[in-house]
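These are my notebook entries on one structure. I set out to record how its parts pack against each other.

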Amino acid sequence: MENEKNTSALDLLLRPDMPDVRKALPEKRMEVKRLTELAGEPVVFTLRGLTYQEIRDIQDKRREDQAVSAVLYACKDPDWRDQRLLNAAAGAVTPLDVIKARLNPGEIDELYVEIQKLSGYINRTLREVKNA
């Protein structure tokens, strides 16, 4: 404990074992229950945390497009940009259209919450240090 008081935050950040969070993004697999029931087998999405720049890009979008954009950016699987998902006749001409066509609003928002958690939001990431 005494050693902690003498080590600066800079010294700790300079340690070679401190990860570059842009390259070591956390991942999580989430099952979409409604789609599982429809498909008759597990429909599991692989989500990853977002980089600082991706978060800023999403925040620059219209409020109503932020959650669906986060799903687009953070889904490793499925790849919503896959051309096979696009269907102009069904009104799904962009990946955002496809997400809105395949997922209901609650599922999009719930995935967004998980993406935010993986990106360091929602849960407390800081702790106040009391003077001792």
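**Entry 1: A serine in a helix**

I began with Ser 69 and looked up its neighbours: leaving aside residues up to four places away in sequence, Ser 69 touches Ile 58, Lys 61 and Leu 96. I note at once that the model is predicted. Ser 69 belongs to helix H5.

**Entry 2: Helices H4 and H5**

I turned next to the packing of helices. I reminded myself that two packed helices are described by the angle between their axes and the distance between the axes. For helix H4 (residues 52–59) and helix H5 (residues 63–74), I recorded an angle of about 150 degrees and axes 9 Å apart. H4 is therefore roughly antiparallel to H5, since an angle over 145 degrees counts as such. The crossing of H4 and H5 is right-handed.

Which residues of H4 and H5 meet? On the H4 side I listed Glu 54, Asp 57, Ile 58 and Gln 59, and on the H5 side Gln 66, Ser 69, Ala 70 and Tyr 73. Sorted by class, the contact of H4 with H5 has three nonpolar, three polar and two charged residues.

**Entry 3: Helices H5 and H6**

I then followed H5 to helix H6 (residues 95–102), where the two pack at an angle of about 100 degrees with their axes 10 Å apart. H5 is therefore roughly perpendicular to H6. From H5, the residues Asp 65, Val 68, Ser 69, Val 71 and Leu 72 meet Pro 95, Leu 96, Ile 99 and Lys 100 from H6. I counted the classes in the contact of H5 with H6 as six nonpolar, one polar and two charged. Ser 69 is listed in the contact with H4 and also in the contact with H6.

**Entry 4: The sheet**

In general, strands of a sheet pair through backbone hydrogen bonds, either parallel or antiparallel. Here three strands form an open sheet in the order S1-S2-S3, with antiparallel pairing. Strand S1 (27–31) and strand S3 (75–77) are the edge strands, and each pairs on one side only. On average, and with direction ignored, neighbouring strands of this sheet are turned by 35 degrees against each other.

How many bridges join S1 and S2? I found five bridges in the antiparallel sense, and Glu 31 has Val 44 in S2 as its bridge partner. Strand S2 (residues 44–48) and S3 pair, also in the antiparallel sense, over two bridges. Leu 47 stands opposite Cys 75 in S3. Helix H7 (residues 105–118) packs on the sheet and touches S1 and S2, and its direction makes about 35 degrees with that of S2. Four of the five residues of S2 are buried, so S2 is largely enclosed by the rest of the structure.

**Entry 5: A glycine in a loop**

Last, I looked up Gly 49, which sits in the loop between S2 and H4. Gly 49 is buried, with a relative accessible area of 0%. Not counting residues up to four places away in sequence, Gly 49 touches Leu 25, Pro 26, Glu 54, Leu 118 and Ser 119. How far from the C-alpha atom of Gly 49 is that of Ala 74? The two atoms are separated by 6.4 Å, although the residues are 25 residues apart along the chain.

Methods: Residues numbered from 1 in each chain as written. Predicted model: local features only at pLDDT ≥ 70, side-chain atom pairs only at ≥ 80, totals over all residues. Heavy atoms only, no water. Axes fitted to C-alpha atoms, helices over the stretch in contact; angles between N-to-C directions. Parallel < 35°, antiparallel > 145°, perpendicular 65-115°, else oblique. Left-handed = near helix turned anticlockwise from the far one by under 90°. Contact = heavy atoms within 4.5 Å. Nonpolar A, V, L, I, M, F, W, Y, C, P; charged D, E, K, R; others polar. Pairing = 2+ DSSP bridges. Buried < 20%, exposed > 50% of the residue type's maximum accessible area, 1.4 Å probe, protein only.
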